[in-house]
Amino acid sequence: MRSPRPCQATIRDVNDHPSPSSIPPAVSTPQPPAAAASAPPVTHYENFPVASLLCPPHLRQPIAAIYGFARTADDIADEGDAAAAARLADLAAYQADLQAVAQGQAPSPRWADVFLPLQSVLRSHHLPVPLLADLLSAFVQDVEKTRDAEGYADRAELLDYCRRSANPVGRLLLHLYEVTGAQALEESDAICTALQLINCWQDLSVDIPRGRHYLPRADCAAHAACQAELLALQSTRENVRLIADCAHWARSSMLSGAPLVHRLPGRAGWELRLVVQGGLRILDKVDALKGGSLHTRPQLNAWDWCVMLARALVM
C-alpha cells in the first residue's frame with residue numbers, strides 16, 4: 001500500500017468507517033521537547049498535494065506529522081528486502097511507539113523524528129489515536145497477505161482494507177479542519193476509499209510482481225479473467241474488462257464523495273478539489289491504457305496538472 005494518499009487520504013491510499021463520535025482524544029502530558037519537534041519534509045513521489053501551499057498554513061505542520069507517520073509505516077511494510085517476520089516485528093515496535101506517545105511517554109530513539117512531531121500534534125489537536133492504529137493494522141495486513149500470496153475474496157473484503165488503510169487519513173484531516181458532520185465523514189470515506197482503489201489499479205504493474213493482489217477474486221471470476229494471465233501481466237480481453245470495471249467502481253466512489261469539496265472552508269476545499277481531480281485524472285489514464293496498466297504505471301505530468309486545475313475551478 002502506498003500512502004497516498006493525501007486527501008483527504010491522501011495525505012493513501014489516503015483512506016474507513018471508525019465511529020468518530022466514540023473515539024476518545026489522545027491522553028498525554030506536557031513534554032516540551034516534543035512541542036518543539038517538526039515533521040520531516042515530504043520526499044516521496046505523490047500523485048496529489050501533501051501539505052501544499054493551498055493548505056492552511058497553521059495546519060501544514062500537523063498534516064506533515066501525520067503524513068510522516070503513515071509514510072514511515074508504509075516504508076516499513078513495503079520498502080527494501082526484509083523478510084515478512086522482520087517487517088511485522090518492526091510494525092509491532094512502531095505500534096508500541098504510537099501507544100507510548102499517546103500516553104505522554106517518550107518514543108524509542110529509532111523513530112523519534114516521526115513520533116516527537118506526532119506527539120506534539122496529538123497533544124495540541126487531540127487526534128483520535130484509534131484512527132492511527134487502524135492505519136497500522138492495514139500495513140500489517142499488507143505484509144501478511146504478501147507473505148501468504150493471498151489476495152482479496154470480494155469487494156467487501158477490499159473495502160474493509162480501505163476502511164483502515166485510507167479512510168482514517170481523511171477523518172484525521174477533517175478532525176484538524178474541525179469538520180464533524182456525518183455527511184462530511186461519509187463523503188470523506190468515499191473519497192479516501194476511491195483514492196486507495198485508484199492507487200491499486202494504478203500500481204498493478206508494480207504490485208502484482210511483488211505479490212500484492214488487490215483485484216478481488218469474485219470480480220476476476222465475473223469477468224472470466226485468468227489468474228495465470230494476470231500474473232503474467234497480459235492485457236487480454238477479459239483482463240481489460242476487469243480493470244475497466246474496477247476503475248468504474250473507483251470513479252463512482254470518488255464522485256459520490258466529491259460534494260465534500262464544498263463543505264471544507266477556504267483553501268482546504270481547493271486542496272481537496274485537486275485531490276479529487278487528481279484521482280479522476282489517474283482513472284482517465286487507466287481507462288486510456290485499456291488494460292495496459294498491467295504493464296505500465298500511469299503517472300501525472302505537467303499537462304495533467306493543468307487539466308486538473310481547470311476541472312477543479314468548475315467543480
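## Basis and overall make-up

Helices here are DSSP runs of H or I with at least four residues, and strands are runs of E with at least two, both numbered from the N terminus. The model is a predicted one, in which local features need pLDDT of at least 70 and side-chain atom pairs count only at pLDDT 80 or more, while totals for chains, interfaces and linings use all residues. Residues are numbered from 1 along each chain as its sequence is written, and side-chain values use heavy atoms, with hydrogens and water left out.

The chain holds 14 helices and zero strands, so that its pattern, read along the sequence, is α-α-α-α-α-α-α-α-α-α-α-α-α-α. Of the 315 residues in the chain, 55% are buried, where buried means under 20% relative accessible area, exposed means over 50%, and partly exposed lies in between, with a 1.4 Å probe and protein chains only.

## Helix α4 and its end

The buried residues of α4 are V114, F115, P117, L118, Q119, S120, V121, L122 and R123. Just after α4, H126 takes a positive phi of about 55°.

V121, found in helix α4, is buried with a relative accessible area of 4%. Leaving aside residues up to four places away in sequence, V121 touches P62, A65, H126 and L127, contact meaning heavy atoms within 4.5 Å. The C-alpha atom of V121 is separated by 8.5 Å from that of I66, and these two residues are 55 residues apart along the chain.

## Packing around helix α5

Two packed helices are described by the angle between their axes and the distance between the axes. The axes are lines fitted to C-alpha atoms, for helices over the stretch in contact, and the angles run from 0 to 180 degrees between N-to-C directions. Helix α2 (residues 57–78) packs with helix α5 (residues 129–147) at an angle of about 15°, their axes being 9 Å apart. That angle makes α2 roughly parallel to α5, given that angles under 35 degrees count as roughly parallel, over 145 as roughly antiparallel, 65 to 115 as roughly perpendicular and the rest as oblique. The crossing of α2 and α5 is right-handed; a crossing is left-handed if the near helix is turned anticlockwise from the far one by less than a right angle, and right-handed if clockwise. In this contact, F69, A70, A73, D74 and A77 of α2 meet L132, L135, L136, F139 and V143 of α5. By class, the contact of α2 with α5 has nine nonpolar, no polar and one charged residues, with Ala, Val, Leu, Ile, Met, Phe, Trp, Tyr, Cys and Pro counted as nonpolar, Asp, Glu, Lys and Arg as charged, and the others, Gly among them, as polar.

Helix α3 (residues 84–102) also packs with α5, the axes coming within 10 Å and crossing at roughly 175°, and α3 and α5 are therefore roughly antiparallel to each other. From α3, A84, R87, L88, L91, Y94, Q95, L98, Q99 and A102 meet V129, L132, A133, L136, F139, V140, V143, E144 and R147 in α5. By class, the α3 contact with α5 has 13 nonpolar, two polar and three charged residues.

## Helices α12 and α13

Helix α12 (residues 237–257) and α13 pack at an angle of about 165°, with 10 Å between their axes, and the two are therefore roughly antiparallel. The crossing of α12 past α13 is left-handed. On the α12 side the contact is made by I243, A247, A250, R251, M254 and L255, and on the α13 side by V276, G279, L280, L283, D284, V286 and D287. By class, this contact of α12 with α13 has nine nonpolar, one polar and three charged residues.

R281, placed in helix α13 (residues 266–289), counts as buried at 15% relative accessibility, and R281 touches L300, W303, D304, V307, M308 and R311 when residues up to four places away in sequence are not counted. R267 also lies in α13 but is partly exposed, with a relative accessible area of 37%.

## Positive phi in two loops

A149 has a positive phi of about 50° although it is not a glycine. A149 is placed in the loop between α5 and α6 (155–165) and is exposed, with a relative accessible area of 57%.

A224, likewise a residue other than glycine, has a positive phi near 55°. A224 is found in the loop between α10 (217–222) and α11 (227–231), and at 53% relative accessibility A224 counts as exposed.
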